[in-house]
Amino acid sequence: MDIINTLAQELQIKRGQADAAVNLIDEGNTIPFIARYRKEATGSLNDEILRQLSERLSYLRNLEDKKQQVMASIEEQGKLTEELKAQIEAAQTLVVVDDLYRPFRPKRRTRATIAKEKGLEPLASLIRLQMTKQPLEEEAQAFLDPEKEVHTVQDAINGASDIIAESISDEADYRIRIREMTAKKGMVVSAAKDPQAESVYEMYYEFSESVSKIAGHRILALNRGEAEKILSVKIEAPQEDIVRYLEKQVITKNNPYTTPVLQAVIADSYQRLIAPAIEREIRSSLTEAAEDGAIRVFGKNLEQLLMQPPIVGKVVLGWDPAFRTGCKIAVVDATGKVLDTTVIYPTAPQNKAEESKATIKKLIEKYNVTLISLGNGTASRESEMVIVDLLKELKRPVQYVIVNEAGASVYSASKLATEEFPSFDVGQRSAASMARRLQDPLAELVKIDPKSIGVGQYQHDMNQKKLSEALSGVVEDCVNKVGVDLNTASASLLEYISGISKAVAKNIVAYREEHGRFTSRSQLLKVAKLGPKAYEQCAGFTRIIGGTNPLDTTAVHPESYEAATRLLTKLGYEAQEITTGSLKGISKKITDCRKLAAELDVGEITLQDIVKELEKPARDPREDMPKPILRSDVLEMKDLTEGMVLKGTVRNVIDFGVFVDIGVHQDGLVHISQICDRFIKHPLEAVHVGDIVDVKVMSVDLARKRIQLTMKGIN
């Protein structure tokens with residue numbers, strides 16, 4: 001297989017792009033580094049395509065290795081024909097390679113192998129070739145052998161039938177065709193093990209849908225219902241069509257003696273040997289496709305969540321709500337440093353609302369708090385009521401935001417949180433996290449296992465290794481797009497930077513603590529275990545504010561410093577002007593980009609990137625994302641009425657719709673059919689996590705705490 005050509009065709013890119021990307025990956029370069037600093041080589045392939053390429057490269061190389069192993073094994077048996085070799089080499093998937101290898105794979109002791117041990121293979125060949133001109137009972141007489149437990153002619157015919165059934169099952173072409181027929185015409189069917197039992201799977205108690213059309217989220221739901229022993233799930237194949245196909249392939253002569261036996265053998269081969277295996281394969285394939293789809297959605301949601309804009313320059317009061325144990329409070333300054341913590345009891349059973357408000361007022365006055373970050377967990381609604389009353393009594397403008405606290409409890413009890421806040425209890429850590437994830441969502445959320453952030457769908461039911469790898473890739477891409485301040489970034493943030501491992505991230509923090517602030521990117525080379533290759537990969541994604549070289553504040557890579565300096569000189573600027581904002585509009589001074597790039601000995605794309613950075617040094621890409629809704633009043637579910645139009649924040653996107661926070665503690669669902677007037681296959685075509693959207697209330701079910709919303713028909 002020409003792997004490079006296959007990658008180019010699948011990803012719809014040029015062969016040269018695929019070839020360059022593969023070489024760069026093989027040289028040990030990271031995806032963020034290739035996407036940002038090797039655009040000339042790859043033709044500006046983005047990180048998403050590069051990750052797809054890397055995954056497929058791994059699969060195709062494994063496929064080629066498997067082909068070599070299979071051919072070597074068959075060669076050892078002396079059975080590798082040129083035709084079979086060509087079939088194996090042309091195989092596009094591991095499943096097809098397995099199909100072709102099946103007849104030659106060492107087998108456990110089966111009914112067919114037992115029959116062969118009894119010397120019944122010649123009889124099986126006679127039946128399979130349909131050559132006999134006399135009843136099989138007469139042919140079978142020659143194979144009777146009491147010592148081998150072949151006592152009757154029926155014993156002999158049964159044994160021969162087992163041999164033929166297995167040979168039919170092992171035929172690669174048959175399996176490939178049957179798999180295609182089942183995938184095209186088969187049905188996924190589920191039923192309740194107890195039809196009277198109440199469960200969340202009631203819509204699947206009598207369910208049937210085409211294998212070719214069933215949605216991924218339904219597959220994952222069926223799998224979970226089956227795992228919980230509530231549902232029984234199976235694939236109903238087009239059995240009549242399949243048996244008819246096999247008969248056409250196997251029964252090639254009109255022989256009255258062999259035809260009835262072969263018909264029975266075909267039915268047995270399909271039902272006993274082929275169908276169960278094909279069903280497993282198709283369910284596995286459906287699950288894998290569903291998981292891949294869910295992981296993609298999870299990844300997109302996670303990216304949008306991580307890339308939410310930070311709220312900078314504000315002192316924030318983090319509020320972790322609770323009932324019996326009290327609400328934990330943490331005041332955090334504009335840099336994320338915790339200034340104060342306390343516990344208040346405004347909710348049941350203590351109900352010390354007035355005393356709690358007095359405590360909060362003192363903190364607001366003392367630290368000049370302008371924003372309250374309230375977690376959306378237990379007692380959030382009751383806490384919100386207290387906050388709204390409090391804001392009305394204040395003489396200064398203070399607003400509040402409800403933040404999704406998914407994963408906060410996981411972080412608070414983690415080793416990382418203990419190291420960060422050794423003297424705090426889990427509640428105080430959680431309150432500090434509430435404040436910080438509003439100030440800088442990316443820096444705070446990287447401390448939490450991405451699976452626990454709460455923007456996925458069936459994440460606990462899928463391949464955890466694949467999920468973790470995909471989500472780590474998303475976090476890595478986000479962190480590198482934004483960049484990190486080398487003098488303030490935590491080890492948790494640094495470890496996602498291109499080329500930096502967990503150990504090196506800790507070494508960077510340790511170096512900072514021992515030697516003080518970094519004043520130059522090149523100092524990274526003095527950090528333990530950070531060699532030249534790691535420096536090459538990470539340097540461009542780090543930032544140093546107020547260092548010795550103004551270029552260190554930008555995303556310009558040190559390998560391009562000489563070109564950037566020459567560019568500034570040519571345009572009549574000093575390097576110091578980078579940080580003063582004096583370089584806006586310098587792109588207009590460049591009349592011939594290609595000629596200038598050649599003069600500076602850099603690629604044209606690299607020159608364009610350098611100019612963009614000089615015009616807007618260290619520009620934060622999160623600036624373009626929707627800002628969170630700041631609130632000063634409160635609604636309850638009972639306040640909602642049909643037709644009410646509200647502004648909300650998209651909290652989660654799933655296959656069948658989106659959940660929107662409209663400020664009533666319970667997120668409302670906008671079904672995919674209610675997102676927009678045009679047809680969309682998936683909600684991500686129209687909305688993303690963090691989007692601020694206008695919604696209209698369709699219905700409110702107080703008892704079941706369900707809100708149905710629409711985004712259509714809003715003027």
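Helices (H or I, at least four residues) and strands (E, at least two) are DSSP runs, numbered from the N terminus. The structure described here is a predicted model, in which local features need pLDDT of at least 70 and side-chain atom pairs count only at pLDDT 80 or more, while totals for chains, interfaces and linings use all residues. Residues are numbered from 1 along each chain as its sequence is written, and side-chain values use heavy atoms, with hydrogens and water left out.

Of its 715 residues, 50% count as buried; buried means under 20% relative accessible area, exposed over 50%, and partly exposed in between, with a 1.4 Å probe and protein chains only. Contact means heavy atoms within 4.5 Å. Among the contacts with a separation of 6 or more, 66% are accounted for by residues 24 or more positions apart.

The axes of helix H1 (residues 3-11) and helix H2 (residues 15-26) come within 8 Å and cross at roughly 120°. Such axes are lines fitted to C-alpha atoms, for helices over the stretch in contact, and angles run from 0 to 180 degrees between N-to-C directions. The crossing of H1 and H2 is right-handed; a crossing has this hand if the near helix is turned clockwise from the far one by less than a right angle, and is left-handed if anticlockwise. On the H1 side the meeting residues are Ile4, Asn5, Leu7 and Ala8, and on the H2 side they are Arg15, Ala18, Asp19 and Val22. By class, this contact has five nonpolar, one polar and two charged residues. Here Ala, Val, Leu, Ile, Met, Phe, Trp, Tyr, Cys and Pro count as nonpolar, Asp, Glu, Lys and Arg as charged, and the others, Gly among them, as polar. In the loop between H1 and H2 lies glutamine 12, whose phi is near 55°, a positive value in a residue other than glycine. Glutamine 12 is exposed because its relative accessible area is 74%.

The loop between helix H10 (136-140) and H11 holds glutamate 149, which has a positive phi of about 60° although it is not a glycine. Glutamate 149 counts as exposed, since its relative accessibility is 53%.

Helix H15 (residues 259-306) and helix H22 (residues 464-482) pack at an angle of about 25°, with their axes 9 Å apart. That angle makes H15 roughly parallel to H22, a label for angles under 35 degrees, with over 145 counted as roughly antiparallel, 65 to 115 as roughly perpendicular and the rest as oblique. H15 passes H22 in a right-handed crossing. The residues of H15 in this contact include Ile295, Phe298 and Leu302, and those of H22 include Leu467, Leu471 and Val474. By class, the contact has ten nonpolar, one polar and five charged residues. Helix H22 also carries aspartate 477, which counts as buried because its relative accessibility is 9%. Leaving aside neighbours within four places in sequence, aspartate 477 is in contact with Pro32, Asp47 and Arg51.

A cis peptide bond, with omega near 5°, runs from alanine 348 to proline 349. Proline 349 is found in the loop between strand S6 (338-344) and helix H16 (353-367).

The last topic is a barrel. Five strands close into this barrel in the order S11-S12-S13-S15-S14, and the pairing is mixed. The twist averages 50° from one strand to the next. Two strands pair if DSSP finds at least two bridges between them. Strand S13 (residues 668-671) and strand S15 (residues 706-710) run parallel and are joined by two bridges, with leucine 669 partnered by glutamine 708 in S15. Strand S14 (residues 692-701) pairs with S15 in the antiparallel sense over five bridges. Lysine 696 has threonine 710 of S15 as its bridge partner, and serine 699 stands opposite glutamine 708. The hairpin of S14 and S15 has four residues between the strands, and there lysine 705 takes a positive phi near 55°.
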